[in-house]
Amino acid sequence: MIRRLLTGIAVLWAAATTAYVALLLAPGDTIDILIGDGADTPEIRARIVAEWGLDRPEVIQYLSYLWRLLHGDLGRSYQLQLGVGDILATQVGPTAQLTLAAAAVGVTLAGVIAVATAGRGRWLRGTASAAELVSVSVPPFLIGLVLLSVFSFTLGWFPVSGASGAQALVLPALALGLPIAGVLGQVLRGGLERALEQPFAVTARARGLTERMLVARHALRHALIPAVTLAGWFTGTLLGGAVITEILFGRPGLGQVAMQAVTGRDMPVVMAVVLMSAIVYVVISTLLDLAYRAIDPRIGG
């Protein structure tokens, strides 16, 4: 865990440094870049120089930037005239709600399909594989358009846009979660089928354990290990897909903030979103290590 902690710190430092270097390498004056499309007045320029230490040596500027980050100061959006931390804090909730719901959809569907089809007839496995292949191949925004056309425009079961109520969460979570279910389902089913051929499975059957109990008590645990290794891809898919999904369904969240910051050249917000993505990755990676140990304690040794 100490090694994981040091690795996580290194990743966060690399993300923060990369964002800072991108700011320095961007064409144009640093003050102009930080202002972006916002109001440009002598008072704002003087404030930027003071906050970013642009009148001091470059090394001091960089160290001051890291020092502010360590104290939770993500800077200020000079377009919106608000603290970046305040901007992100108001949008974290909707994005967390969407990503958790999508993760729940993906994991649940993958688990159900894998358990229902592992070791069964060829036609059943083939049908499941075809459905998984389609869900993986079709991008989330196209899945979202189909869901909107059928369930919102035609049937009127769910709202077209917004984030008010549980109904508004169903279609975005499905659009973001189905590709995850496709990949996880394939990996879980393959892991289950390999586990059911192992000697421990033969012994368990000889002792009278039913196939369902064998899968639930033993095989599923072995199949989870390769599935857990997809956590990095899982996290990237959720973070990247949330941007398009929130825009498509008109939901508030970090995706909307990131898109508006990029199009409006709001560099402080862009830098903060990069750093927040790195934090999420580090947290997920740490939880992944803990999950490995919970699934198979031998890994901890």
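This is a predicted model: local features need pLDDT of at least 70, side-chain atom pairs count only at pLDDT 80 or more; totals for chains, interfaces and linings use all residues.
Phe-158, at 19% relative accessibility, counts as buried.

The structure contains 5 aromatic pairs. Phe-151 takes part in a tilted pair with Trp-157, with ring centres 5.8 Å apart and 40° between the planes. Phe-151 also pairs with Phe-158, here edge-to-face, at 6.4 Å centre to centre and 70° between the planes.

## Helix 4

Helix 4 covers residues 58-70 and has the highest mean pLDDT among the elements of the protein, 88. Its 13 residues reach 19 Å from the first C-alpha to the last, close to the expected 18 Å. Just after helix 4, Gly-72 adopts a positive phi of about 80°.

The buried residues of helix 4 are Gln-61, Tyr-62, Ser-64, Tyr-65, Leu-66, Arg-68 and Leu-69.

Tyr-62 and Tyr-65 belong to one aromatic cluster with Tyr-20 and Trp-52. Trp-52 also meets a charge: the charged end of Arg-68 sits over the ring of Trp-52, 4.7 Å from its centre. Arg-68 is one of the buried residues of helix 4.

## Confidence

The protein has an average pLDDT of 79, and 83% of the residues score at least 70. Helix 10, residues 211-228, has the lowest mean pLDDT among the elements, 66.

Methods. Residues are numbered from 1 along each chain as its sequence is written. Side-chain values use heavy atoms; hydrogens and water are left out. pLDDT is the predictor's confidence in each residue, from 0 to 100. Helices (H or I, at least four residues) and strands (E, at least two) are DSSP runs, numbered from the N terminus. The expected span of a helix is 1.5 Å times one less than its number of residues. Buried means under 20% relative accessible area, exposed over 50%, partly exposed in between (1.4 Å probe, protein chains only). Rings of Phe, Tyr and Trp (its six-membered ring) pair if their centres lie within 6.5 Å; planes under 30 degrees apart count as stacked, over 60 as edge-to-face and the rest as tilted. A charge sits over a ring if NZ of Lys or CZ of Arg is within 6 Å of the ring centre and within 35 degrees of the ring normal.
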